[in-house]
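Please keep the sequence and the 3D view at hand while reading.

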Amino acid sequence: MSQTVPVRLYVNGDRHDIDIEPRRTLADALRDDCGLTGTHLGCEHGVCGACTILVDGKPVRACLMFAVQAEGTSIRTVEGLAPDDQQLHPVQRAFWEKHGLQCGFCTPGFLMLVAGQLEEKPETDEEEMRDVLSSNLCRCTGYQNILKASMAAAEEMSG
Amino acid sequence: MTAVEPPSWTGRSLPRVEDPSILRGHGRYVADVASQDRCWYAKFVRSSIAAGRIVGITAPPGVRIYTAADLDGVGEIVASLARPDFVTTSQPILARDVVRFVGEPVAMVLAETEAEAEDALERVVVEIEPLPAVLSVADATADQARLVHDVDFPGDPNTVVDGRIHTPGFDEVFAAAAHRVSVQVGSARQSAMPLEARASHAAYDPATGRTTLHVTTQMPHVIRTGLADVLGIREDDLRVIAPDVGGGFGAKMALAREDVMVVHAARRLRRNIAWIETREENFMAAWHSREQVYDVEGAFTEDGDLLAVRADLRCDVGAYSCYPVTYGVEPLMAMAELTGPYAVREYSVRSRAVLSNKCPIAPYRGVSRPVQVLAMERLMDVAARQLDIDPVDLRMRNLVHEFPHRIPSGLVLDNASHRQTLAVAAEMADVADFRRRQRAARGEGRLLGIGFSSFAERTGYGTPAFAARSAPFELKPSAVADVITPGFERVVLAMDSSAGVTVRIGASPHGQGLRTALAQVISDELGVSPGEVRVIHSDTDATPYGWGSFASRAMVLAGGASMLAARELAGRLRTLASSRLGGLPGDIDLSDGEARHRETGESVPLFVLARDTYHSSHLIPDKGEPALEATATYDPSGTFANACHVAEVEVDPATGAVAVTRFLVAEDAGRLVNPAIVDGQIQGGVVQGIANALFEELIYDDRGVLVTTSLMDYLPPTLHEVPDIEIAHLETTSPQSVTGAKGVGEGGTIGAPAAIANAVSDALGHLGIAVDHIPATPHRLRTAIRSAQAAQAADKTDRETAS
Ligand code: FES
Ligand code: FES
């Protein structure tokens with residue numbers, strides 16, 4: 001067993017004290033050590049965006065960041081998006097209503113990407129949204145409904 | 001619809017029941033099961049050499065390693081068809097003595113964490129003595145070619161399928177035809193590339209001795225049979241579960257050698273073992289597809305009637321035969337379906353599967369059809385030019401419009417709307433307006449093009465269609481058949497004592513929304529709401545044997561079986577209700593959770609009928625079973641969905657980049673159970689087709705090493721590369737589907753490449769450039785444009801000098 005270091009992560013408002021190897025990625029730490037498996041890994045080399053989470057409000061590829069680098073930051077994952085068990089976040093609701101997911105493997109990454117964008121800039125227009133969405137891959141939907149859902153969420157969040 | 005008819009759930013775009021858990025991050029994929037278990041991890045040492053002899057495998061002490069030598073009692077994977085031209089080869093679980101492709105598993109290491117397993121992997125040294133690699137169909141079939149497998153090839157070397165059809169009247173018609181038009185088309189190798197790579201997690205239960213395998217599969221029952229056969233164990237010693245699966249597209253319907261190892265190790269070591277495939281491994285070893293070249297020649301009358309088609313079809317199928325559908329899947333489909341929706345009378349075809357030292361092929365969405373359609377639709381456009389007929393008119397003239405229609409390979413086209421979908425698509429496209437825009441753009445040096453693609457998508461086929469791939473054979477008195485013939489789907493439907501409905505299905509959805517769609521179909525029959533219907537799938541302990549989800553089949557087959565079972569259960573509910581309400585079962589309507597007498601208007605809740613059945617069974621008037629259950633099987637011979645795609649493109653002459661600026665689909669998938677789901681399937685499929693036409697390509701170098709092993713080299717489209725996709729629906733039903741639904745899973749992928757190839761060829765026609773081989777990458781187009789421009793310039797200089 002290689003050497004481990006203690007790391008304290010704040011995820012979705014909860015504190016996680018974990019002991020990990022310094023080489024552990026943030027994605028692995030969230031999934032395996034914090035038990036938050038909603039963050040998915042599609043490539044582990046920074047292209048697909050399935051692992052997108054929010055670190056201090058900004059979208060980040062969790063597979064490209066070491067967990068130790070996230071000390072002291074505020075992390076949000078898909079599990080922290082909905083306000084409670086009864087309600088969904090507007091972006092989640094829009095993805096449901098507009099059929100923005102099929103297999104769902106890319107979905108957490110897209111939800112965090114769009115939530116991050118709209119929480120910072122609710123008035124994002126379609127052209128800018130297309131740019132934002134082009135940073136992640138989806139193999140199932142052909143993106144049509146992801147775009148529709150994202151714009152529906154934008155409308156709701158800016159309205 | 002009249003006022004008294006109950007509202008139908010079918011036909012509505014209900015939000016999917018699958019979604020809320022996924023949206024909250026509570027989806028449960030195989031890697032999530034492993035993540036939350038203290039399991040060991042497996043990693044595979046893979047060959048870096050395309051062909052060679054294994055000289056030695058060494059690992060330092062402390063590395064837990066398995067090689068072929070440790071596999072006593074483990075068999076090999078054999079996938080065969082009963083055809084005289086079929087050559088059977090076998091796939092070892094770990095390479096034994098020889099390696100046959102880069103990425104082939106040679107050894108497995110195990111460690112307590114995934115990171116440590118990766119460390120161990122680095123410490124294993126494999127020594128391989130290289131042999132000349134067979135890397136093309138031409139090399140593979142040459143005299144004296146090196147054999148990829150040391151078996152007897154009765155025909156050409158390395159040729160494992162060599163199918164032929166030659167209709168009796170062909171020679172005469174072909175020779176006499178006024179025009180003969182030929183095309184050669186081809187596709188590069190492709191990866192289905194589901195966003196979730198493969199994974200498996202085997203958990204050994206010491207209490208029962210059983211092993212539960214969570215695995216990324218589209219066909220859990222069949223995979224269980226395959227695993228049990230190879231491992232020589234009782235099928236019941238295994239439980240196979242496909243939890244949430246992150247896309248399949250065909251690449252998850254073959255038995256993986258890695259999964260055999262994971263189960264084997266879990267049973268031997270009596271511990272839980274997981275394997276999570278990396279993206280690089282997925283590109284190297286998780287099945288490829290579509291490396292095909294077709295030479296196709298059509299014989300036309302003066303007026304443009306396509307009388308006869310001659311074709312030579314070659315598929316490079318890689319090094320092994322995938323279980324269960326075999327390496328015959330591409331050539332045999334292409335041979336049977338090539339002529340598609342066109343009324344061709346005579347047909348002469350040779351269709352081959354040829355081995356190479358590359359990753360084996362398996363189905364990928366549409367299998368051979370994208371290339372078949374590319375061939376026929378390029379043929380139509382080239383013929384239109386040659387015969388000076390409008391391409392839409394030429395298609396219209398040749399499309400089958402009377403049904404049923406037997407095509408020369410023997411398949412029967414059932415009710416469809418080939419001409420109508422073409423007409424609808426042409427109207428949406430407004431070709432005359434496009435030509436005006438094209439001319440105006442050309443004046444500014446911009447190159448626009450338009451392309452059509454009409455096709456039939458064979459869907460929802462059961463055992464009869466799969467049986468036709470083999471020659472007819474008789475079962476031997478006491479031996480199992482050598483051939484696996486997929487097909488039927490079976491469901492078990494039950495209403496519990498609180499009137500809750502569950503249906504257990506053999507199909508295994510992985511993103512298609514089948515739970516929602518089946519609930520809609522069943523709800524209409526039982527008069528309940530879809531929220532009350534639970535669909536149980538993808539667990540061999542909980543569902544009837546079935547073939548899984550592939551080939552656009554689930555809605556037709558599992559949907560058909562569900563409807564039949566629901567009708568039977570509805571009949572029982574009507575009988576029970578009539579004994580309470582009076583009248584005959586035929587007087588009873590089921591709706592809103594109640595059984596109602598149509599004349600008297602009196603009603604009884606289904607809940608009461610359910611309680612009657614289970615809790616007052618002694619009072620059941622006809623002494624029927626104390627159960628509300630129905631089982632049904634559906635196994636039709638198959639139907640054909642059909643569609644016409646139209647692409648508009650703009651080619652940048654400086655870079656060779658193609659922008660798809662407009663994409664239209666006129667689709668006829670029969671009755672739409674959930675239109676939003678259908679549109680989603682079409683949109684996703686079209687984008688994979690655009691990828692096939694323009695971007696995605698698996699590239700091997702001249703030593704057989706795969707070069708495209710990351711998402712930096714293999715380029716699936718992002719939203720940037722994708723236009724808005726406009727869809728129009730026609731709904732032609734067919735007696736071949738009880739629900740009226742035809743399959744729709746593959747159509748988008750099937751039709752789009754040809755539409756785009758035709759559009760790019762239209763944009764570049766003035767330069768004499770045609771796109772027959774896909775993908776038409778910027779590099780290829782730029783090179784072609786430059787050499788065409790250079791040739792035109794030289795031509796001009798020549799003419800000027802001459803004058
Ligand atoms: S898994 Fe992080 S970008 Fe693909
Ligand atoms: S829904 Fe499957 S990858 Fe996006």
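In this predicted model, helix H15 (residues 514-526) of chain B crosses helix H16 (residues 554-581) of chain B at roughly 30°, and the two axes come within 8 Å. Angles under 35 degrees count as roughly parallel, and H15(B) and H16(B) are therefore roughly parallel to each other. Their crossing is right-handed. On the side of H15(B), the contact includes B:Leu514, B:Leu518, B:Val521 and B:Glu525, while H16(B) contributes residues including B:Ala558, B:Met563, B:Arg567 and B:Leu573. The residues of this contact between H15(B) and H16(B) comprise 14 nonpolar, 2 polar and 2 charged.

A second pair of helices in chain B may be described in the same terms. Helix H18 (residues 675-694) of chain B packs against helix H19 (residues 747-764) of chain B at an angle of about 40°, with the axes 7 Å apart. H18(B) and H19(B) are therefore oblique to each other. H18(B) passes H19(B) in a right-handed crossing. Among the residues that meet are B:Ile682, B:Gly685 and B:Gly689 in H18(B), and B:Gly748, B:Ala752 and B:Ile756 in H19(B). The contact of H18(B) with H19(B) is made up of 8 nonpolar, 6 polar and no charged residues.

The text now turns to the two chains. How many residues of chain B are in contact with chain A? The contact involves 51 residues of chain B and 49 residues of chain A. About 4300 Å² is buried between the chains, and carbon and sulfur atoms give 56% of this area. Between chain B and chain A there are 4 salt bridges. A:Arg31 and B:Asp32 form a salt bridge through their side chains, with an N to O distance of 2.8 Å.

Definitions and conventions. Residues numbered from 1 in each chain as written. Chains lettered and ligands numbered in written order. Predicted model: local features only at pLDDT ≥ 70, side-chain atom pairs only at ≥ 80, totals over all residues. Heavy atoms only, no water. Axes fitted to C-alpha atoms, helices over the stretch in contact; angles between N-to-C directions. Helix = DSSP H or I, 4+ residues; strand = E, 2+ residues; numbered from the N terminus. Parallel < 35°, antiparallel > 145°, perpendicular 65-115°, else oblique. Left-handed = near helix turned anticlockwise from the far one by under 90°. Contact = heavy atoms within 4.5 Å. Nonpolar A, V, L, I, M, F, W, Y, C, P; charged D, E, K, R; others polar. Buried area = accessible area lost by both parts, 1.4 Å probe.
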